[in-house]
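Open the structure in your viewer and keep the selection panel at hand. This tour goes stop by stop.

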Amino acid sequence: MRSRRSYLAGQAIIAVVVAAFLGLVGRLVYINAHDGPQLLARAKRQQRSEVPLHHRRGMIVDCRGRILSGTLLRKSAFMDPTVLPEKEDAVEAAAGTAARILGLEPGELSQGFLAAGDRRFLVLRRGITAEQEEHIKQAGIYGLGVFDEPYRVYPMDGLAGALVGFVAADGHGVNGLEYQCDAWLRGENGVKTIIRDARRKAFWLAEEGYRPARDGFHVVLTIDAEIQATVERELLAGVERFAAEGGVGIVMHPKTGAILAMANVPGFDPNDYGDYGASLYRNRAITDPYEPGSTFKPFVAAAALSEGVVKLGEVFDCEDGVWKDGRRVLHDHHPYGLLTFEDVVVKSSNIGMAKIGKRLGPERLHRALKAFGFGDKTGVDLSGEDPGMVQSLSRWSTYTTTSVPMGHEISVTPLQLTRAFCALANGGEMLQPFMIRAVLAADGRVVRDFSDPTPRSRAVPAKIAKTMKDKLLCAVVNRGTGKKAQLARYQVFGKTGTAQIAAAGGGGYKKERAYMASFIGAAPADDPQVVVLVAIRRPDPSIAYGGGAVAAPVVREILSHTLAYLDVAPDRATASLTPGGVWD
Amino acid sequence: MFRLNSQPSGCSATVTIVAASLLGIGVVMVFSANASLSSSPSSADILHNATFRQGVCAVVALVVLLVTCLWPYEWWRLRRDTVFQPAVFLMVLAIGLLAAVLVFGEERNGARRWLSLGIAGGGLSFQPSEVAKLAIVVFCAALCGRLGIRIRWFWRGLLPTVLALGLVVGLVGKEDLGTGVLLMAVCAWMLVAAGAKIWHLGIFSLPALGGVVYLICVARFRIDRLLAFLDPYADPQGAGYHPIQSMITIASGGWWGRGLGAGIQKYGYLPEGRSDFIFSVICEELGLIGGVAIIGLFVVLMWAGRRAMLSAASDFGRLLALGATLILGFQAVMNIGVVTVSLPTKGISLPLVSAGGTGVIFLSILVGLMANVARRRHKEPRRNNVSG
């Protein structure tokens, strides 16, 4: 009986233990199946941390691959204040040492550490020296470290500054192409997942948590840095020579619409953009419309020719410089008597142009303006473009028809004017101006190719455009107002313009005689390769203010350098090849 | 005394193989759990290298196991008319060590459980409660075997037995409540199996329960652990840290484990990864499947213990086999119960697997005794059964 009980008791308790073991197996299954996801999430939180892998912003390069904007790495000092002991004197000691090394204010630094809260990454100083880096390492302050920080450099300094724009400290483009192409230029940060031990020391990389950074795309421009530099240099020389407020220059390829240069003077250096006023950030070639004045006359003349309201050689009475049209009196700068149609343009007679405008009438004139793209954005691939101003037909007064032909009561951007002039240079075709030629991936693969923008329309028949170029615009340079744009080896054609700058808010012109002196021209005449517009704002009238005197020489210099640089064959036999005049 | 003519039984071989497997797994897992970036192994303090120590102890344990397996367990029985009583000596030794640990013991993790062997011992230390496990099982089995039917007497049978056992249990339980409860449960059930009257035992259950409650209440950390068991997430960085980390470790392994050596939790997240929480590390690295395999080995050990018990030739042998089986079984259940947060946290190691030389060696003696009982079935002289 006693033995039986010992057998029973023993067997029973062993059965209980085995049952307990089975229960524990069940418990294991339960932990895995039921609590598993939550526990694994907890494990992930405590063991892993994701570290960003920084991408590199793409470059902006000119049409020959010269870097206008690029990214380099520099050493910057950072601090993780959360690892400091929670004692004020310890924080102050760390801040004091860090401040001494980095040349900062110790008090501010310790205040910053104390106020940091949960933030584990405070950038103390960007771009430290190798010496400072060495000192930081020697100081051995827990939490103070050095990291590689990408930063934007503009190796050509201020070249095309207003075009390229700049990047804020956080790496976002805030202006110009940096802003506009931000989505391309920005890459994607990658991530690596670090497995840490309980002391937060990294000891392994998780295979599944790794995604490499994708570097940003490079943007290739149609801009040629050489031409851009020429334009900026000559423009600045012109502005300084005539004590002007500023100037704009554009060089465009008349057959494709590619913008080879677009300059604003004065410019700014994106490397130190903070040192310049915000008004210098503007790319006035597309943002600032102005009354074009006489540079506008060729387009009205071309329209009149193509509509058949005038004929070549037809004579206009220019009224000896004073003509009363209705109640308004029009003046010419120089009084002329009878002028042929060609000479109305060549000599830039306002009265002659007003009469031509009257012949065209408002409807045809308005249609012609639209055909040349005025009053509409050009659709150039730059942000902030202004459409200019062409009054809708219903709002035209009786004087509008005579004002517009001499470039009044209308405002155009320099780019619109250049584009319209390209139509006269290329046989009447309106092109799509563009500046972004291609987008390349970091490995050189072409992501987007914009080198052939398709939209084209016709402004005037090819014959009319050729007539305008050969009969009128060449004559402007050869014997008219644009003589200062002449080159010895190339036939230049173009048109001067001297517009009074309207007072802000409209309603007439300023008393202080503020002018916009401009010249738009192209060369060589038999096969135009470049169209150049130069507009100089507010030259000192005591020196000169006419487009022919102020802007034409600048265009001449730009054409001279650019045509030589582009290896364009001369189309004029020069009378004398003097050593100094080879490149004229 | 050496009688090598007895036939080895399959059962004793099973016990030996299972125990050797657990010891081997233990060494491997201690090696794995010992991995840490903060300590690099150096030959200078190889004696302090847990893997090396566990390896040596496992070899010693295996030798001890085989010797115990061969040395007839009858040697431990209480003899008539002599002062040579190995079971009593063992008991006195255990009491002496437990008393010594109260006086000279080193305190670790808030409990005084270790006796330092000092410089002579190579800076090693020793856990007397492990000796107590062996002593109490051997002594209880020997005493009950000697008392026979007299265990049913209260004053001259059960009471002295319980007092002697209670002294040891109390000494152990004061510093190590988990082991105390374990020993108490094993002793109680051995007494039941020995034939003590249930209501007699019932009388002792009251002071025993009172003692447990008292010990819980005097130590703040025991209450904290109890509360943490009920809701570990109430204080995840404090008392709830062990349970939560243990469960994270188990869940990290999934069904098939991260792979041997590939665990992450052992890098400082899971405390006591190579001793009390080694089962979690096994689950993380070898998966649920590995954990179930360990449990399976213990179930096989239980099955072998049951066979040894059933086939034992004497009451002493039967109680010895039962006691040894229960020590291993209860301890394993308690350990796995703790790491799976099925039981409140206690400092209980996984038998034969966890790091800890004393535990491995003395538990191996118990396993050896179990195997010895198994292989000496029905070889005992008949008289032992009567006079036992």
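How many salt bridges does the rule find across the interface of chain A and chain B? The count is zero. Bear in mind that this is a predicted model.

**Stop 1: the interface**

Show chain A and chain B together. Here 37 residues of chain A are in contact with 57 residues of chain B. The two chains bury about 4,200 Å² between them. Of that area, 69% is on carbon and sulfur atoms. Between chain A and chain B, 12 residue pairs are in polar contact, both residues being at pLDDT 80 or more. Now select helix H1 (2–47) and strand E6 (190–196) of chain A: each supplies at least two residues of the side that touches chain B. The largest share of that side, 30 residues, comes from H1(A).

**Stop 2: helix H15**

Select residues 462–479 of chain A, which form helix H15. At 1.5 Å a residue, its 18 residues should span 26 Å. The end C-alpha atoms are 24 Å apart, which agrees. Where does H15(A) bend? Go to Lys469(A), where the bend is about 35 degrees. Lys469(A) is also one of the buried residues of H15(A). Others on that list include Ile464(A), Met468(A), Leu472(A) and Val476(A).

Among the covering elements of chain A are helix H10 (297–307), helix H11 (341–346) and helix H14 (414–426). Strands E21 (493–500) and E22 (515–523) belong to the cover too.

**Stop 3: two cis peptide bonds**

Select Val265(A) and Pro266(A). A cis peptide bond joins them, with omega about -5 degrees. Pro266(A) sits in the loop between strand E10 (259–265) and helix H9 (284–287).

Then move to Ala523(A) and Pro524(A). They too are joined by a cis peptide bond, with omega about -15 degrees. Pro524(A) lies in the loop between E22 and strand E23 (530–537) of chain A.

**Stop 4**

Pick Asp157(A), in the loop between strand E5 (144–153) and helix H5 (161–164). Its phi is near 55 degrees, a positive value in a residue other than glycine. Asp157(A) counts as partly exposed because its relative accessibility is 43%.

Asp320(A) is in the loop between strand E11 (315–317) and E12. Phi of Asp320(A) is near 55 degrees, again positive. At 58% relative accessibility, Asp320(A) counts as exposed.

Finish at Asp325(A), in strand E12 (residues 322–325). Is Asp325(A) buried or exposed? At 7% relative accessibility, Asp325(A) counts as buried. Leaving out residues up to four places away in sequence, Asp325(A) touches Lys358(A), Tyr399(A) and Thr402(A).

Conventions: Residues are numbered from 1 along each chain as its sequence is written. Chains are lettered from A and ligands numbered from 1 in the order in which they are written. This is a predicted model: local features need pLDDT of at least 70, side-chain atom pairs count only at pLDDT 80 or more; totals for chains, interfaces and linings use all residues. Side-chain values use heavy atoms; hydrogens and water are left out. Helices (H or I, at least four residues) and strands (E, at least two) are DSSP runs, numbered from the N terminus. The expected span of a helix is 1.5 Å times one less than its number of residues. The bend at a residue is the angle between axes fitted to the seven residues ending there and the seven starting there. Buried means under 20% relative accessible area, exposed over 50%, partly exposed in between (1.4 Å probe, protein chains only). Contact means heavy atoms within 4.5 Å. Buried area is the accessible area (1.4 Å probe) that two parts lose on being put together, summed over both. A salt bridge is a side-chain nitrogen of Lys or Arg within 4 Å of a carboxyl oxygen of Asp or Glu. A polar contact is a pair of N or O atoms within 3.5 Å; within protein, one must be able to donate a hydrogen and the other to accept it, and residues adjacent in sequence count only if both atoms are side-chain atoms.
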